[in-house]
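I opened this entry to record what I looked up in the structure.

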Amino acid sequence: MTTTDTTAAAPSQPYRLTPAGILRSEWHKLWTLRTTWITLLTATALVLAVGITMGSTYDGDDSEVDTVVFVLFGTQLSQICLAVLGILVTAGEYATGMIRASLTAVPRRLPVLWSKAAVFTAVAFTLSLVTNVVTFLVAQIWLGGTDKELALTDPGVLGALTGSAAAITLLSLIALGLGALLRSVPGGIGAFVGAVLVLPEVLTTLPLDAVDTAVKYFPAQASSSLGSITRVENTIAPGAGLLSLALWAAAILTTAALLLRRRDV
Amino acid sequence: MIRAHGLTKRYGGKRPKTAVDDLTFEVRPGTVTGFLGPNGAGKSTTMRMLLGLDAPTAGRCTVGGRAYTAHSAPLTQVGALLEARSIHPGRSAYHHLMALAHTHGIPASRVRDVLDTTGLTDVAGRRVKGFSLGMGQRLGIAAALLGDPGTLILDEPVNGLDPEGVLWIRNLLKAQAAEGRTVLVSSHLMSEMAVTADHLIIIGRGRLLADTTVERFVRDSGTGSVKVVSPAAAHLSELLAGPAVTITSDTPGTLDVRGTDAEHIGRTAAAHAIPLFELTPQTASLEQAFMDLTHDSVEYVTSGPSLAGAAA
């Protein structure tokens, strides 16, 4: 019986399921959808446009806001775009049924999630960093001669621009994890806006110091500790912020991975 | 080779619904095996379990000697077409296939090959959103063929195809089986399986009802009749009469003969120089036998005049 059991019909092939192949597949999937281009271009355009507006209309009124935070106000908007893209990368496959094709090709399942996360992280971080640097440089065209004049090489500037990109990326990665967890695009967006953006604000209204302290380590709050040259009031240290964000992302992706292994598709 | 042993799937918590109930069967290479059952019989669930998309509640199944998930190059083992759409409509046909191909290092030339085989070359660059049901099915079949697999598992592949497409699928399946591949194809249409499949696995309400060849199914069903038209129908009727043979006649000159086959009728007529205008084995009776077999296990029975009565 064992001899008839092998599928002798198929000739021996060089084709093999490999981690590199799965990464390539996810890279290919990401770039062959229009929504990817639209969300990424929108995210970039928003940061740049807001940065130019802030720079060109600045009249030197002693605003206390950190220069990097000041020119990157647009990241509040691009954050939403990138979070939505993160959710589409995972939950979008459930909405369309594509996940069944993906998991038939990769029946061990988890490499699909890791590859999605890796490709998305690389793209979101690279794009955010480039956008941040360009926006900073463009805004400086108008900010020269004001109290917000700074060069890229000034202490803390590159760190803040990178920190901002890392924060955006990790928050969007959390959104990607929520999409994988909830398997629904509206559900993912709702959970991201509700649990990550709104809930902490509600919690801080409670008259409990312990809650206030805890909330500082929540994803959105931890992310605001990154992305500035000088420490923003009421936030934890940038190192602690980065670590908290990374741990949140890891926890949500791990939960998504455990469920991905167990659930029927 | 596909093997299922005691395969069971139950859904739901407090009042679980059993979709697949202790199913044991084998699908052999070199033949087309039809997987038949009324809607809701558990065909799709069984196929999803074979592909590792659904986890069985009990039992196990293997493809090519191993659990599907244990293969190192699954697309080269099994090509699958699922009933539910599993394609992102925003991607073009070419990019859909290429994304799947990348996982296994399958080259673009192979993607173009399967697009060609399925007749999609001209629309390969178009987004799947604009595809008809039939084109979507063809793309699903292209994806199934991508890894040149030794086993094909196709869930209702003729759904939405035009007559030309149905014929194409039929020939494709037969050709794949003739090359020694294992082909499992589900359908709820007995008539389609009768002309495509060699072997039949029939289920109803998740249970195995029959595991047999098409030929044997027809023979054992005992309902195969032969329509005979002859100017000497009455005479022929007398000659054919016997204990196992029943002959009915609705219109003069036309006989409906059960209990013997067309060959015997033809020879008898020839031996007595009786001209025959028509001698037709009634394949519709196959559908009848299928309905008789699955009648007790259909999910939604219609009231009113029964189909079984109308067909007989």
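I took a residue as buried if 20 or more other C-beta atoms lie within 10 Å of its own, as exposed if 12 or fewer do, and as partly exposed in between, with C-beta atoms placed from the backbone. The model is predicted, so I noted that local features need pLDDT of at least 70 and side-chain atom pairs pLDDT 80 or more, while totals for chains, interfaces and linings use all residues. Residues are numbered from 1 along each chain as its sequence is written, and chains are lettered from A and ligands numbered from 1 in the order in which they are written.

**Chain A overall.** I took helices (H or I, at least four residues) and strands (E, at least two) as DSSP runs, numbered from the N terminus. I found 12 helices and zero strands in chain A. Its C-alpha atoms fill a box of roughly 85 × 45 × 30 Å along the principal axes. Of the 265 residues of chain A, 45% count as buried.

**Helix α5(A).** In α5(A), 17 of the 22 residues are buried. Gly97(A) follows α5(A) and has a positive phi, near 90°.

**Sheet in chain B.** I counted two strands as paired if DSSP finds at least two bridges between them. Which order do the four strands of the open sheet take? The order is β11-β12-β10-β13 in chain B, with antiparallel pairing. β11(B) (246-248) and β13(B) (278-281) stand at the edges with a single partner strand each, so one side of each is left without a neighbour in the sheet. Four bridges join β10(B) (residues 225-229) to β13(B), and Val226(B) stands opposite Pro281(B).

**Contact between the chains.** I called two residues in contact if their C-beta atoms, placed from the backbone, lie within 7 Å. The contact takes 35 residues from chain A and 46 residues from chain B. On the side of chain A that touches chain B, the elements giving two or more residues are α1 (2-5), α2 (19-31), α3 (34-57) and α6 (98-105) of chain A.
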